[in-house]
Amino acid sequence: MSDADTLFERIIAREIPAEVVHETETTLAFRDVRPQASTHVLVVPKTRYRTVAELAAADPQLLADVVTTAEEVARLEGLTESGYRIVFNTGDDAGQTVFHVHAHVLGGEQLGFFGRYTDGA
Ligand code: AMP
């Protein structure tokens, strides 16, 4: 894994545009550019940790902030009653592509099952 700045540091620094839906002192929430559900928002801590495991070990309060922001995003997006999914992809097998920990908040429609890789066929 690279230690170079990721895309998400540049979004946090407002060097790359993103559709921000919520911000706190410690977190930023913005819409995923390739949505996998009617609502698909990413929540990142403003301090970089590469994975949720690293974040949990180093700063449990910041992990709590990320989850609290995800819950607030769900409320703002009208998902609280209908339900939603919070996902932290971790590592290659899970398809993590950006190594700045992020929660995916997915909802707004009935979500599919998840698990083993399929090519969609
Ligand atoms: P992951 O595969 O779990 O690492 O998630 C990375 C996510 O970042 C993917 O769902 C991408 O669609 C999303 N993404 C990539 N570039 C951007 C961008 N510029 N703005 C918003 N989301 C992005």
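1. A polar contact is taken here as a pair of N or O atoms within 3.5 Å; within protein, one atom must be able to donate a hydrogen and the other to accept it, and residues adjacent in sequence count only if both atoms are side-chain atoms. A polar side-chain atom of N89 lies 2.9 Å from an oxygen atom of the ligand.

2. The model is predicted: local features need pLDDT of at least 70 and side-chain atom pairs pLDDT 80 or more, whereas totals for chains, interfaces and linings use all residues. Residues are numbered from 1 along each chain as its sequence is written, and side-chain values use heavy atoms, with hydrogens and water left out.

3. An N or O atom in the side chain of H102 is 3.0 Å from an oxygen atom of the ligand. For V33, a backbone N or O atom lies 3.2 Å from a nitrogen atom of the ligand. Of the 500 Å² of accessible area (Shrake-Rupley method, 1.4 Å probe) that the ligand has on its own, the protein covers 86%.

4. The shell around the ligand holds 16 residues, with D32, N89, G95, T97 and H104 the closest; a residue belongs to it if one of its heavy atoms lies within 4 Å of the ligand. The largest share, three residues, comes from α1. Helices (H or I, at least four residues) and strands (E, at least two) are DSSP runs, numbered from the N terminus.

5. The ligand takes up the space of the largest pocket, the criterion being that more than half of its atoms lie within 2 Å of the pocket's grid points.

Key: On a 1 Å grid over the protein atoms alone, a cavity is a set of points where a 1.4 Å probe fits but cannot get out, and a pocket is an open set with protein on both sides within 12 Å along at least five of seven lines; lining residues have an atom within 4 Å of a point.
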